[in-house]
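Hi,

Here's the structure I said I'd pass on to you.

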Amino acid sequence: MAVRIDGKAVAEKIKAQVAEEVAALKAQGICPGMAVVLVGDDPASKIYVNNKKKACAQTGIYSEEHVLPAETTQEELLALIAKLNADEKIHGILVQSPLPKHLDEKLVVEHIDPNKDVDAFHAYNVGKIMIGDFAFLPCTPAGVIELIRSTGVEISGKNCVVVGRSNIVGKPMAMLLLHNNGTVTICHSKTKNLAEICRTADILVVAVGKAKFITADMVKPGAVVIDVGMDRDENGKLCGDVDYDAVEPVASYITPVPGGVGPMTIAMLMKNAVSAAKIQNGLSVN
Ligand code: NAP
């Protein structure tokens, strides 16, 4: 029987640390501020934006919400980004994904000041992550590292398998595991012998976007299993990429969905907002 990793509890701990840092910055006259930009009325995006606003309030971070209509033009959105880049109250800018189809998400990200890029999606920050000299870590992979740390299991020297190679999860995840001295294998839709490779993993991180994709026969006994997926099962119920009930007896530690990686993403975003405020005020980021 695996130990269930409580992502909510770890996230609360991190947010409490962030709140302490925010209070210390406020005592120096610095109030970390974040702008969240939402274009259109995607219901899931609205929920994410609300959760981010709540986390800002909980940690003492000033937040602004900019809600734009779905028909907003590229020029209008870039003009808002330019305004927020120049706004001294705002240290972090987050543009909620997905944007309506007529808007170029990549171009929008490239217009965010890299020092305010709290998602760490800008090519400058992606490059910094590659060379291991970073101020911001992408929130979801950074949250996964914290969850692994919370188990007490060392990453150094372990076989780590990441299933998924997206720019926002899989690739940076692999890079962070590598920076932590894991021996990393990245799998994707063209990988042959996926089950066999997954079975070599001491630490298995899954970010595929397919409900219950990882089955018990793909997991090495005693592995740490981290499920990034947020999917719906056949009954429309929220579940992960890992078949939790089947894998739980095989693993040593496992994250549930919900209540695993999800809460960590927002906690790490708050951490990045504090780092952004420090950088923009000439303070060092620890
Ligand atoms: P994505 O951009 O769709 O990438 C999915 C990856 O899975 C791709 O690299 C794809 O390979 C790979 N894949 C697809 N089918 C596969 C197969 N049969 N075998 C092996 N690999 C396969 O997804 P994402 O943005 O990384 O997100 C992945 C999941 O994480 C989603 O459920 C998403 O909702 C969730 N997510 C959660 C959080 C959170 O905070 N909890 C944050 C972000 C994402 P190819 O590259 O070859 O196509």
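This is a predicted model: local features need pLDDT of at least 70, side-chain atom pairs count only at pLDDT 80 or more; totals for chains, interfaces and linings use all residues.

Let's begin with the record. In an unreviewed entry, UniProt lists residues 138-280 as "domain: Tetrahydrofolate dehydrogenase/cyclohydrolase NAD(P)-binding". In the model, that span is 36% helix and 17% strand, and its end C-alpha atoms lie 19 Å apart. UniProt, again in an unreviewed entry, also gives Gly164, Arg165 and Ser166 under "binding site".

Next, how exposed are they? Arg165 has a relative accessible area of 41%, so it counts as partly exposed. For Ser166 the value is 32%, which means that Ser166 is partly exposed too. The cut-offs behind this are under 20% for buried and over 50% for exposed.

Leaving out residues up to four places away in sequence, Arg165 touches Gly170, Lys171, Ile186, Cys187, His188 and Lys190. With that same rule, Ser166 touches Lys171 and Pro172.

Now for the ligand. There are 22 residues around it, and the ones that come nearest are Arg165, Ser166, Ser189, Met230 and Thr265. Two names from the UniProt "binding site" list, Arg165 and Ser166, turn up there.

- Ser166: an N or O atom of its side chain is 2.5 Å from a ligand oxygen.
- Thr265: here too a side-chain N or O atom is involved, at 2.8 Å from a ligand oxygen.
- Val228: this one uses a backbone N or O atom, which lies 3.5 Å from a ligand oxygen.

How much of the ligand does the protein cover? On its own the ligand has 930 Å² of accessible area, and the protein covers 71% of that.

Finally, what is the shell around the ligand made of? By class, it has 10 nonpolar, 9 polar and 3 charged residues. Helix α10 (residues 261-280) gives the largest share of the shell, with 3 residues.

Cheers

Conventions: Residues are numbered from 1 along each chain as its sequence is written. Side-chain values use heavy atoms; hydrogens and water are left out. UniProt positions are given in the numbering used here, feature names are shortened, and annotations may be inferred rather than shown by experiment. Buried means under 20% relative accessible area, exposed over 50%, partly exposed in between (1.4 Å probe, protein chains only). Contact means heavy atoms within 4.5 Å. A residue is near a molecule or strand if one of its heavy atoms lies within 4 Å of it. A polar contact is a pair of N or O atoms within 3.5 Å; within protein, one must be able to donate a hydrogen and the other to accept it, and residues adjacent in sequence count only if both atoms are side-chain atoms. Accessible areas come from the Shrake-Rupley method with a 1.4 Å probe; for residues, only the protein chains shown count as cover. Helices (H or I, at least four residues) and strands (E, at least two) are DSSP runs, numbered from the N terminus. Ala, Val, Leu, Ile, Met, Phe, Trp, Tyr, Cys and Pro count as nonpolar, Asp, Glu, Lys and Arg as charged, and the others, Gly among them, as polar.
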